[in-house]
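Work through the exercises below with the sequence and the 3D view open. Try each task before reading its solution.

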Amino acid sequence: MPRTPSWRSVTAPESRRPVYVAALVIIAGQAWVARSLGVDTFWLFPLISAVLLVASIAVYERRDEPGSLARTLSFLFIALLVAANAVSLVLLVRGVFVGSSIAPPNLLFTGLALWVVNVGVFALLYWELDGGGPEARAAGYVGRYPDFVFPQHQDDQDQLSPDDWKPTFYDYLYVSLTSSIAFSPTDAMPYTRRAKLVMAAENLLSFATLAVIVARAVNIARG
């Protein structure tokens, strides 16, 4: 009989609580970046994000299977995080190339913080997107296919991982980190159009952020 792929196996759902902690760290990071860029209402995006996060936690923790409301809240929350990062990037570019009252070293550190936050945001998005979310992945993808194919999913890797191996948030964090540095997939391959579009968006944001950081570093070096 043909071997059942590991991603089709049924496993215990992954706990969302470590991800909630990561989300809180991201919200705090975005607030710090916005305040460092001199945004008067730096608390606005983080406040709305926190409300959506609390609403998402309340819905998810009250039921075993997430419904459409829970999924909608999760994606609204992540979409807001992406939008906040995009706005911060625009403000950072303006501060570097147009001029800002912020000290050059502070702009440099703000750019680095924005890049780190961006890695976390897209890790959340990959984790929530792949195969319909962690609950759907635990149930064998429920009529879906993986959006990201990891090495452990490959037949020639079956002796290097458990038969019921499933990716967790930390795997998606690694995917996001390598994608933001290499601007291409290095560990997991995006197999669906939406996965490719999301990874392309991260590559563009990461490239732009790092380009601004390099430009600011060169200016500081020149004095």
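**Exercise 1.** In which helix does valine 51 lie?

Solution. Valine 51 belongs to helix 2, residues 44-61. Helices here are DSSP runs of H or I with at least four residues, strands are runs of E with at least two, and both are numbered from the N terminus. The model is predicted: local features need pLDDT of at least 70, side-chain atom pairs count only at pLDDT 80 or more, and totals for chains, interfaces and linings use all residues. Residues are numbered from 1 along each chain as its sequence is written, and side-chain values use heavy atoms, with hydrogens and water left out.

**Exercise 2.** Classify valine 51 and serine 161 as buried or exposed.

Solution. Step 1: recall the cut-offs; buried means under 20% relative accessible area, exposed over 50%, and partly exposed in between (1.4 Å probe, protein chains only). Step 2: valine 51 has 52% relative accessibility, so it counts as exposed. Step 3: serine 161 has 14%, so it counts as buried. Serine 161 is found in the loop between strand 1 (148-149) and helix 6.

**Exercise 3.** Compare the span of helix 4 with the expected value, then decide whether the helix is enclosed.

Solution. Step 1: the expected span is 1.5 Å times one less than the number of residues. Step 2: helix 4 (residues 104-129) has 26 residues, and 38 Å is expected. Step 3: from first C-alpha to last, helix 4 reaches 37 Å, which is close to that value. Step 4: 19 of the 26 residues are buried, so helix 4 is largely enclosed by the rest of the structure.

**Exercise 4.** Describe the salt bridges of arginine 16.

Solution. Step 1: a salt bridge needs a side-chain nitrogen of Lys or Arg within 4 Å of a carboxyl oxygen of Asp or Glu. Step 2: arginine 16 meets glutamate 128 at 3.1 Å, N to O. Glutamate 128 lies in helix 4 and arginine 16 in the segment before helix 1, so this pair ties together parts 112 residues apart in sequence. Step 3: arginine 16 also forms a salt bridge with glutamate 135, with the closest N and O atoms 2.9 Å apart. Glutamate 135 is in helix 5 (residues 134-138), and this pair links parts 119 residues apart. Step 4: check burial; the relative accessible area is 6% for arginine 16, 2% for glutamate 128 and 11% for glutamate 135.
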